[in-house]
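Hi everyone, thanks for coming. Let me put the structure up on the screen, and we'll walk through a few parts of it together.

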Amino acid sequence: MTIHTCIEKLKQILHYSLATRHRRRLALAGLLAILYLPNWIGVLVEGILKGRSDSILNLGFIILGVQPFLKQSPALTQLRAEEDDRWTGYILLVIASIALIIFHSISPSVTFQAFSVMGLVIGAIWSTWGLGFFRRFPVITLMLLAATYPHLSFITAEVLRFVTAPDLLERTMAIVGSWGLTQIGYPAHAEAAIVRLSTGSVFVAPGCSGFDLAFTLCGLGFLLGRLMQVRWQKTLLVMGAGILLAWVANVPRIMLLAIASVYWGKASFDFWHGPIGGQIFAGIVFTVHYYLAMALIGQEPPIVTPESETASINNSQI
């Protein structure tokens with residue numbers, strides 16, 4: 001694509017965005033949302049460097065979430081916002097815009113800024129297609145909202161800790177990891193979230209509980225189900241298999257880290273506990289998960305949903 005072609009495309013986008021009063025308001029809200037973009041990218045990059053894989057889910061939710069808008073499915077083109085819906089959406093856009101400006105100015109918290117951008121997304125949809133969009137496309141709405149939060153596993157883990165014991169997963173991993181070490185000849189026992197060996201011990205921190213990986217594989221199972229358009233029963237099966245695989249695979253990782261820390265030295269522990277070791281482990285588990293998911297999905301024919309139908313682009317003014 002030449003520079004001239006890119007310039008012409010940008011002109012077309014600019015003309016489309018400013019063609020009506022409604023679009024101009026949405027364009028202004030979109031420009032405000034750009035304030036949040038550096039923080040969103042920063043948290044995702046930080047997560048990658050720390051061995052997390054939230055970015056896969058965020059990008060997947062965005063790609064699958066915007067498809068109905070790009071394809072202009074018949075179900076979408078039939079929706080139009082009534083006057084009261086349009087003004088409700090505008091009010092929400094104003095409130096979310098003010099909140100985003102305030103939180104971006106006075107608070108480094110990504111959470112509050114993410115909630116403000118979620119308000120912008122809801123307001124834009126509400127004022128364009130009305131309340132009927134949320135009833136017709138609930139899954140797509142949730143994907144778009146989830147995509148705005150760059151550390152989904154963190155907020156989900158906090159909710160889990162609120163409804164269960166704070167260190168339930170860490171204690172469980174310490175117990176199972178100690179049992180595994182004993183089976184291969186390393187006498188070990190668990191004390192709370194600590195794995196104790198004869199000459200040292202390792203603390204199973206929240207980041208090593210396997211929850212982040214289980215959450216990511218569960219989300220990947222959901223994305224695969226949506227992408228391949230399989231039935232919900234099979235999608236849930238793939239999601240559950242991902243959770244089970246993550247926690248089963250995390251046991252030998254706990255064992256490896258315990259042995260590396262106590263017997264192989266700090267350098268070895270830092271390697272396997274750091275970004276490189278974490279990505280090696282994640283890469284192996286993701287590969288196994290992919291083939292497991294494909295085996296579970298099998299040759300089931302795709303189901304037809306309103307979101308998967310396509311039609312010609314509707315050029316009516318909104």
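This is a predicted model: local features need pLDDT of at least 70, side-chain atom pairs count only at pLDDT 80 or more; totals for chains, interfaces and linings use all residues.

How many bridges join strand β2 to strand β3? The answer is four, and the two strands run antiparallel. To find them, look at residues 194-197 for β2 and residues 200-203 for β3. Together β2 and β3 form a hairpin, with two residues between them.

The chain averages a pLDDT of 85, and 92% of the residues score at least 70. Confidence is highest in helix α7, residues 110-129, at 94, and lowest in helix α1, residues 3-17, at a mean of 72. There is also a stretch, residues 304-318, where pLDDT stays under 50. For that stretch the model has 34 contacts beyond four places in sequence.

Now to a pair of helices. Helix α12 covers residues 211-228 and helix α13 covers residues 232-264. Their axes are 8 Å apart, and they pack at an angle of about 155°. Anything over 145 counts as roughly antiparallel, so that is how α12 and α13 lie to each other. Their crossing is right-handed.

Who makes the contact? On the α12 side, the residues include Phe-211, Leu-217 and Phe-222. On the α13 side, they include Trp-232, Met-239 and Trp-247. Sorting the residues of this contact by type gives 13 nonpolar, four polar and one charged.

That's my tour, and I'm happy to take questions!

Terms used. Residues are numbered from 1 along each chain as its sequence is written. Side-chain values use heavy atoms; hydrogens and water are left out. Axes are lines fitted to C-alpha atoms, for helices over the stretch in contact, and angles run from 0 to 180 degrees between N-to-C directions. Angles under 35 degrees count as roughly parallel, over 145 as roughly antiparallel, 65 to 115 as roughly perpendicular and the rest as oblique. A crossing is left-handed if the near helix is turned anticlockwise from the far one by less than a right angle, and right-handed if clockwise. Contact means heavy atoms within 4.5 Å. Ala, Val, Leu, Ile, Met, Phe, Trp, Tyr, Cys and Pro count as nonpolar, Asp, Glu, Lys and Arg as charged, and the others, Gly among them, as polar. pLDDT is the predictor's confidence in each residue, from 0 to 100. Two strands pair if DSSP finds at least two bridges between them.
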